[in-house]
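Open the model in your viewer and keep the selection tool at hand. Each stop says what to pick and what sits there.

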Amino acid sequence: MSTVAAPWARPAGTTRSELDGVYRKIFFRLVPFLMMLWVLAWIDRVNIGFVKLTMLDDLKWSEAVYGLGAGIFFLGYFFFEVPSNLLLQKIGARKTIMRITIGWGLTSVAMMYVTTPEWFYVARFVLGVFEAGFYPGIILYLTYWFPTDRRAKAFGMFMSASALAGVVGGPLAGSIMGGLNGVNGWAGWQWVFLLEGIPSVIAGIVTFFYLTDKPEQARWLSRRERDLVHGDLERDHQSIGPRQHSMLASLREGRMWLMILIYFCIIAANSSLTFYGPTLVKEVGFKSPLAVGWIMAVAYLCGAAGMIYNGIRSDRHQESRWHCGVAAALGAGSILVIALVLDASPLLTLVALTLAIVGTMSAIPVFWQMPNRFLSGTAAAGGVALINSIANLAGFGAPWMLGIIKTETGALSAGLYVVAAVEVCATLLILAFIPRFHKTRPVEGEPSLAH
C-alpha cells in the first residue's frame, strides 16, 4: 500500500487536542450568534401563541381563524424554502441570512396593524416566506464548518435556541401585554409584535458584518487552523463514502421521502405544542398572560436541556436512530397523557406538557444527522430544505386541525389523540426503516466516524 499522504490528510504533527481547540474556537464564534438569531426568529414566529390570549377577544376571532393563521406560516415556508437554500449555497450565508432576518423582523412589526382574518393570513404567509430557508440554511451552513462526528452537538446547541426562545419569549410577551396595554392607544398584543420585531431587523444588519461564509475565508482563524479544518472536513467526506450530489437524483430515492415522512410526524407534534401550549396552560386554570408565560418558560427550559443532552449523547455514541426514535416516543406518550388528563388533573397536565416538549424537541437535532449521511453538495442544500419545507406542512395542518376541533367541540382532547398517533408513527418509521450505523475503527488520534 502506498505511503503517500492523501491530499485531504491531516497536516503532520497535528494532535487531537489541537483540532479540538480549533473546533472549540469555531463553535464559540458561530453557534452562540446563530442561536441568538434563532431565538429572535422563533419568538417572532410563535409569539402569536401568546398574543392569542387577548388578541382573539379584541378582534372577535374564532379558534379556527387562529389555527389557520398560525399554520399558514408554513405554506410560505413550503414554497420558498428550497429556492432560499439553493441561493445560500450560491451567494453565501451572510447575504442570505441578513435578507431573511431583516424581512421577518419587518413583517413581525407589520403584524401589529392586522385587524381582519384575511390580512392576518397574508401577514403570517409573508412571515413564512421571509423566514423560509433560515433553519435549513443554518443546518447546511454548519456542515461547512463541522465534520460528521461533531455536528450533533452543534445542531443540538443551535436548535436548543428554539426552546430558549420559549424561556425568554413567554415571560417577555406576558410582561409586554400586561405592562403596555393601552399605551399610545395600542393593545398589549400590538406592542408585542412591535417590540419583538425591531431586534430582528437590527440583528440582520449585524449578520452581514459578523458571519463568515466558509472556513477558508475566516480571517479570525490562523492559516494553520484553516488548513486543519479543511483537511479534517476532507477526511470526513472521504470516510463517509459516496453520497448523492444531485438534488433531482436524490428525489428519486425512497430514503429521501422516508426522511420527509419522519420529520412530518415530528413537526406535527412540535408545532401543536408550540401554538397550543399556552392555550393548554390557560385551560387548566392560569388566566394571566404573565403566569402562562412563566409556566411555558419552565417547560421550554427543560426542552432546551433535553435537546443539548440528546445531541451531545448522540455525538458521544455516534448513534442517531435510537436517540431520535426514543425522544419522539416520549413526545407521543406525553401528548396522549395530556389528552387523557386535561380535564382531570392540572398538575399532571403541566408535567406531561413539559415532557412532551422535551421529547419532541430532543428528536429534532438528532434527526438531522440522518439525511446528512447520504446527501452532499447541491443535494444537501436542496434536500435539507426540501425535507424541512414539505415536512413543515404538518405545521400548517396540525394547528388548523386543532383550531377547528376546538371551535366545533370546545375541547382539544380529540385533536391531541390524533397528534399523539402521528408522533408514534415517527418512532415506528425510524426503528423499522432507518438502518443502523456502525463506528469505523479510528486511526490513532482520529475520532471515530459513523457510517
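The tour goes from helix packing to salt bridges, then to loops and a surface patch.

This is a predicted model, in which local features need pLDDT of at least 70, side-chain atom pairs count only at pLDDT 80 or more, and totals for chains, interfaces and linings use all residues. Residues are numbered from 1 along each chain as its sequence is written, and side-chain values use heavy atoms, with hydrogens and water left out.

**Stop 1: a covered helix**

Select residues 134-143, helix H6. Helices here are DSSP runs (H or I, at least four residues), numbered from the N terminus. How many of the 10 residues in H6 are buried? The count is 10 of 10. Buried means under 20% relative accessible area, exposed means over 50%, and partly exposed lies in between (1.4 Å probe, protein chains only). Among the buried residues are Phe134, Tyr135, Pro136 and Gly137. Thr143 is also on that list.

**Stop 2: two helices side by side**

Now show H2 (residues 48-59) with H7 (residues 148-179). They pack at an angle of about 25°, and their axes are 9 Å apart. Axes are lines fitted to C-alpha atoms, for helices over the stretch in contact, and angles run from 0 to 180 degrees between N-to-C directions. H2 and H7 are therefore roughly parallel, the term for angles under 35 degrees. Their crossing is right-handed, meaning that the near helix is turned clockwise from the far one by less than a right angle.

**Stop 3: salt bridges**

Side chains of opposite charge can pair when their charged atoms come close. The rule used here asks for a side-chain nitrogen of Lys or Arg within 4 Å of a carboxyl oxygen of Asp or Glu. It gives 8 salt bridges.

- Select Arg223 and Asp227: their N to O distance is 3.6 Å. They sit 4 residues apart in helix H9 (residues 223-240), about one helical turn. Arg223 counts as exposed because its relative accessibility is 58%. Asp227 is partly exposed at 36%.
- Move along H9 to Asp232 and Arg235, 3 residues apart. This salt bridge spans 2.7 Å, N to O. Asp232 is buried at 3% relative accessibility, and Arg235 is buried at 9%.
- Select Glu283 and Lys406, a salt bridge at 3.3 Å, N to O. Glu283 is partly exposed at 34%, whereas Lys406 is buried at 14%.

**Stop 4: positive phi in two loops**

Go to Asn184, in the loop between H7 and helix H8 (188-210). Its phi is positive, about 60°, although Asn184 is not a glycine. Asn184 is exposed at 57% relative accessibility.

Next, pick Gln318, in the loop between helix H12 (289-317) and H13. Gln318 is not a glycine, yet it has a positive phi of about 50°. Is Gln318 buried or exposed? At 4% relative accessibility, Gln318 is buried.

**Stop 5: a nonpolar patch**

Finish with Leu330, Leu347, Leu348, Val351 and Leu355, shown as a surface. Together they form a nonpolar patch with about 430 Å² of accessible area. Areas come from the Shrake-Rupley method with a 1.4 Å probe, and for residues only the protein chains shown count as cover. Patch residues have over 30% relative accessible area and no salt bridge; nonpolar side chains (Val, Leu, Ile, Met, Phe, Trp, Tyr) are joined within 5 Å, like charges within 9 Å. Helix H14 (residues 346-367) gives the most, with 4 residues. Leu330 lies in helix H13 (residues 321-341) and is partly exposed at 35%.

Technical notes: Parallel < 35°, antiparallel > 145°, perpendicular 65-115°, else oblique.
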